[in-house]
Every structure is written in C-alpha cells, then in structure tokens.
Amino acid sequence: MPKKKLRIAVFISGTGRTLKNFIDWIQAGKMSAEIVVVISSAANVAGLQYGEEESIPVEIIERSQYGSLNEFSEANFNVCRSHRADYAVLAGYLRLLEIPKDFENRVLNIHPSLIPAFCGKGYYGNIVHSKVLEYGAKVSGCTVHFVDQDYDRGPIILQKTVEVYENDTPDTLNNRVFAAECLAYPEAIELIAEGRVSVKGRRVRIAPPKDSPRRNEINF
Ligand code: GRF
C-alpha cells in the first residue's frame with residue numbers, strides 16, 4: 001500500500017537550509033511529504049527564495065501586525081488550515097506560537113542540541129553551539145520534538161548525537177550538528193507518514209515497521 005503523503009506547512013525565519021533539505025529529500029523520493037505552504041515570520045527572510053523557486057505558496061506573517069499571541073498564532077494556523085496542512089513543521093522558525101487544540105501533537109520543531117540541555121528562550125543559532133563549547137560538553141546533537149506551549153519543551157521524537165572536538169568553533173560544531181539535522185528531520189517525518197509515532201504524555205513511542213515480527217509483541 002502506498003504511504004500517505006503528509007501535507008506540511010513549513011515555517012521559516014532564516015536562511016532556509018532546513019526547507020531546502022526537505023525540498024531535496026522530497027524531490028529524491030525519500031520523504032513522503034508535500035510542502036503545501038511556506039510561512040515566514042518576516043518579509044526579508046533569505047529562505048523565502050526556496051519556496052518561490054519551487055512555486056510553493058508563501059505567506060508572510062509578522063508578529064508586529066498582531067496584538068496578542070493568540071491572534072498571531074491563529075493567523076498562522078488559519079493559513080495551515082486553509083492549505084489543509086496535516087503538520088506545521090518549524091524549520092529555523094524563531095517565534096513562539098500558541099498551539100491550538102486541533103494542532104496538538106501536529107507541530108514539529110528541530111533544535112540544534114540534545115534537549116533538555118542548551119535549549120529554551122534565547123537559545124538559537126550559534127549561541128547554542130557557543131554554550132555547548134563553553135560548558136565543555138563532549139557530545140551534542142539535535143532533537144526533533146513536538147511543540148507545546150513553550151520553547152523546546154514538547155515530547156521528543158528522536159535525537160542524533162555528534163561528538164564535540166577539542167578544536168571545534170561554534171561554526172564547525174554547527175556544521176556537524178546541521179549534517180545530523182539533515183537526516184533526523186526527514187527521518188522523523190517519514191516515521192509519522194508511516195503511522196509509527198504515538199504520544200503518551202511526554203513519551204513518544206516509535207512502532208517497529210509494519211512488516212516487522214516485533215510489531216505484535218509490543219502493545220502500542
Ligand atoms: C538550525 O540550527 C535548526 O536546528 C534550527 O534552525 C537552524 C536552521 O535554520 N531550528 P535554517 O533552516 O538555516 O533557516
């Protein structure tokens with residue numbers, strides 16, 4: 001049976017490398033998703049070019065145009081609803097959103113550290129990697145998680161680790177973590193498309209593949 005293609009809305013605020021990675025994976029036939037809209041938090045965001053190049057609808061929704069967090073969030077999710085997006089996928093998106101009931105466990109994010117370390121408000125970009133180096137951590141990595149009402153806090157879907165080297169700079173560590181992100185995010189989306197992801201409280205369970213004999217041994 002063909003896998004269900006997930007309809008995803010991709011949210012960006014920056015260079016759009018994550019968006020570009022999705023486009024490449026989808027074009028290579030390795031990610032069962034369709035990007036139905038790109039939502040940007042500002043007009044001058046470099047990543048918008050990738051949406052435009054692929055003729056994906058783009059929407060710019062700026063926080064300053066809305067009074068309350070609720071109004072701002074609803075403007076974003078209304079765009080998701082009107083494009084019939086199954087999932088909102090944050091890809092270098094820097095604004096807090098209030099997640100409405102109908103998008104609970106349907107908003108994803110990737111963070112460039114091993115949550116719960118080096119995350120939360122103000123931890124983005126190279127700030128994260130500088131803090132990892134300052135602290136002297138020996139491993140770092142990335143985390144794909146569901147988004148709840150706070151920064152970097154929702155249930156964790158998967159994590160990938162990378163080693164921290166003695167001669168690392170924030171840039172070199174960033175490159176290594178980003179390479180891990182380029183695998184982790186499509187992998188998480190693929191698991192969801194395969195219907196293998198379920199959430200119970202904070203715990204996310206990944207079911208074995210459909211044809212695995214282990215599938216019946218575990219009660220999901
Ligand atoms: C990465 O650090 C990722 O972990 C975080 O945003 C950065 C990528 O942004 N969520 P972009 O895709 O280059 O705009």
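So, Glu 74, Arg 81 and Asp 102: these residues are linked in a network of salt bridges. Keep in mind that we're looking at a predicted model here. Across the model, the count comes to 11 salt bridges, and I'd like to walk you through a few of them.

Take Asp 86 and Lys 4. They form a salt bridge, with the closest N and O atoms 3.4 Å apart. Asp 86 sits in the loop between helix H3 and strand S4, while Lys 4 is in the segment before strand S1, so this pair ties together parts that are 82 residues apart in sequence.

Now for a local one. The side chains of Lys 20 and Asp 24 meet in a salt bridge, at 2.7 Å from N to O. Both residues belong to helix H1, and they're four residues apart, about one turn of the helix.

The cut-off for buried is under 20%, if you were wondering.

Okay, let's zoom out to the whole chain. We've got five helices and nine strands. If you read along the sequence, the pattern goes β-α-β-α-β-α-β-β-α-β-β-α-β-β. The radius of gyration is 17 Å, close to the 17 Å that the globule rule gives for 220 residues, so the chain is as compact as a globular protein of that length. In terms of a box along the principal axes, the C-alpha atoms fill roughly 50 × 50 × 35 Å. And of the 220 residues, 48% count as buried.

Next up, the pocket. The largest pocket holds about 810 Å³ of space. Its lining is made of 38 residues, and the ones nearest the centre are Gly 92, Tyr 93, Leu 94, Tyr 124 and Gly 125. By class, that lining splits into 16 nonpolar, 15 polar and seven charged residues.

Which element gives the most to the lining of this pocket? That's strand S5, with four residues. The elements that each supply at least two residues are helix H1, strand S5, helix H4 and helix H5. On the domain level, at least three lining residues come from each of domain 1, which is 1-103, and domain 2, which is 110-206.

There's a cavity as well. If you search the whole structure for cavities of 30 Å³ or more, you find one, and the volume of this largest cavity is about 30 Å³. Its lining is Thr 18, Asn 21, Phe 22, Ile 110, Phe 178, Glu 181, Cys 182, Tyr 185 and Pro 186. H1 and H5 are the elements that give two or more residues to that lining, and H5 has the largest share, at five residues. By class, we're at six nonpolar, two polar and one charged.

What kind of peptide bond joins Ile 115 and Pro 116? A cis one, with omega at about 15 degrees. Pro 116 is in the loop between S5 and H4.

Then we have positive phi values outside glycine. Ser 55 has a phi near 55 degrees, and Ser 55 is not a glycine. You'll find Ser 55 in the loop between helix H2 and strand S3, and with a relative accessible area of 66%, Ser 55 is exposed.

Asn 105 has a positive phi as well, about 60 degrees, again without being a glycine. This residue is in the loop between S4 and S5. At 30% relative accessibility, Asn 105 counts as partly exposed.

And that's what I've got, so over to you.

Terms used. Residues are numbered from 1 along each chain as its sequence is written. This is a predicted model: local features need pLDDT of at least 70, side-chain atom pairs count only at pLDDT 80 or more; totals for chains, interfaces and linings use all residues. Side-chain values use heavy atoms; hydrogens and water are left out. On a 1 Å grid over the protein atoms alone, a cavity is a set of points where a 1.4 Å probe fits but cannot get out, and a pocket is an open set with protein on both sides within 12 Å along at least five of seven lines; lining residues have an atom within 4 Å of a point. Grid points are joined across faces, edges and corners, and a volume is the space filled by probe spheres set on the points. Ala, Val, Leu, Ile, Met, Phe, Trp, Tyr, Cys and Pro count as nonpolar, Asp, Glu, Lys and Arg as charged, and the others, Gly among them, as polar. Domain bounds come from an automatic or database domain assignment. A salt bridge is a side-chain nitrogen of Lys or Arg within 4 Å of a carboxyl oxygen of Asp or Glu. The radius of gyration is taken over C-alpha atoms; the globule rule is 2.2 Å times the number of residues to the power 0.38. Buried means under 20% relative accessible area, exposed over 50%, partly exposed in between (1.4 Å probe, protein chains only).
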